[in-house]
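This report is an introduction for a reader new to the structure. The structure is shown first, and a description follows.

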Amino acid sequence: MKVRAAALRAFHTSAGPLAAQSGSSNRWRHRQATDPFVAQAHAQGYRARSAFKLLDIQSRFRLLKPGQLVIECGCAPGAWSQVAAPLINAGGHYASDRPNGQLIGCDLLPVSPLPGVTFLAGADFTHDTVQTQIRDMMSSPAADVVLSDMAPNASGHGFHDHEALIQLAYAALKFGLAHGRVGSHFLCKIWSGAREEAFIANLQRFYRVVHTVKPKSSRSDSAEKFLLALDCLGIKRKAPA
Ligand SMILES: C[S@@+](CC[C@H](N)C(=O)[O-])C[C@H]1O[C@@H](n2cnc3c(N)ncnc32)[C@H](O)[C@@H]1O
């Protein structure tokens, strides 16, 4: 998305739109061709390099376990789901000797099916109707983990993009607080910016411990980072506005 934003900026500022477009797409092609995580994703059958961000977080924190009920916001094209489904044994499709987990993913975009995973495509997670649909699909009253890799289309304007992503992160957090069990976990993407500190403070009010994580596969020139909030204490105080 950052790439698309950079492409748009180049489109509007360079000598000519066509030259800029081909310049930025050349840069994009070069970056894709030389990125080891793109090659690794291809080799291992992951739908996107983002798989390695969740794998990295999983290897450090052991977030996902068999039998969990996991809600995934912003799941297309499905690379995180490919990582999460076997770890939680979604629908019992991956191991007969482990408890069955449930994975419900939601995205504005279409997602190709995956064994044991329920995808709500063309669904805006910020809409109440979509959240009600997710809740109705949940096999138990409270989720164990809420994941959000949601990201808006980047405009290239840092403040605006940060603000748009923080709003998505708050939507996921509110869902996690309302529909996660006490002891549940929450992981979300943010782009650094002015409201980051307040968001982390909100996480610290409701979760025992909060980690800021920059996975190795998250590009160093990206403002992206992940906030991992562990062990929900329950809603003891007013939920974030
Ligand atoms: C970085 S991608 C997610 C990649 C995914 N984790 C994976 O590994 O395949 C961000 C996704 O967030 C989705 N998204 C953005 N706003 C959304 C919203 N309001 N509701 C649902 N999905 C949203 C986008 O459509 C996009 O597919």
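## Exposure and backbone

With 9 C-beta neighbours inside 10 Å, Arg62 counts as exposed, because the cut-off for that class is 12 or fewer. As everything here rests on a predicted model, the values in this report are computed from it. Arg62 lies in the loop between α4 and β1. Its phi is positive, about 50°, although Arg62 is not a glycine.

Asp231 also has a positive phi, near 65°, and is a residue other than glycine. The place of Asp231 is in strand β7, and with 14 C-beta neighbours inside 10 Å it counts as partly exposed.

A further backbone feature is the cis peptide bond that joins Ala76 and Pro77, with omega about 5°. Pro77 is in the loop between β1 (69-73) and α5.

| Residue | C-beta atoms within 10 Å | Class |
|---|---|---|
| Arg62 | 9 C-beta neighbours | exposed |
| Asp231 | 14 C-beta neighbours | partly exposed |
| Lys189 | 22 other C-beta atoms | buried |

## The sheet

The open sheet has 7 strands in the order β3-β2-β1-β4-β5-β7-β6, with mixed pairing. From one strand to the next, the twist averages 15°. Helix α8 (residues 196-206) packs on this sheet and touches β5, β6 and β7 (224-232). The direction of α8 makes about 145° with that of β6.

Strands β4 (residues 143-148) and β5 (residues 180-191) run parallel and are joined by 5 bridges. In one of these strands, β5, Gly180 is the bridge partner of Ala143.

Strand β5 also holds Lys189. An unreviewed UniProt entry places the feature "active site" at Lys189. Leaving out residues up to four places away in sequence, Lys189 touches Ser148, Asp149, Ala151, Glu224 and Phe226.

## A helix pair

Helix α4 (residues 51-61) and helix α5 (residues 79-88) have axes that come within 7 Å and cross at roughly 35°. On the α4 side the contact is made by Ala51, Leu54, Leu55 and Gln58, and on the α5 side by Ala79, Trp80, Gln82, Val83, Ala84 and Leu87. The contact contains 8 nonpolar and 2 polar residues, and no charged ones.

## Around the ligand

The ligand is surrounded by 23 residues, and the closest are Ser50, Gly74, Ala79, Phe125 and Asp149. This shell divides into 15 nonpolar, 4 polar and 4 charged residues.

Terms used: Residues are numbered from 1 along each chain as its sequence is written. This is a predicted model: local features need pLDDT of at least 70, side-chain atom pairs count only at pLDDT 80 or more; totals for chains, interfaces and linings use all residues. A residue is near a molecule or strand if its C-beta atom, placed from the backbone, lies within 6 Å of it. Ala, Val, Leu, Ile, Met, Phe, Trp, Tyr, Cys and Pro count as nonpolar, Asp, Glu, Lys and Arg as charged, and the others, Gly among them, as polar. Axes are lines fitted to C-alpha atoms, for helices over the stretch in contact, and angles run from 0 to 180 degrees between N-to-C directions. Helices (H or I, at least four residues) and strands (E, at least two) are DSSP runs, numbered from the N terminus. Two residues are in contact if their C-beta atoms, placed from the backbone, lie within 7 Å. Two strands pair if DSSP finds at least two bridges between them. UniProt positions are given in the numbering used here, feature names are shortened, and annotations may be inferred rather than shown by experiment. A residue is buried if 20 or more other C-beta atoms lie within 10 Å of its own, exposed if 12 or fewer, and partly exposed in between; C-beta atoms are placed from the backbone.
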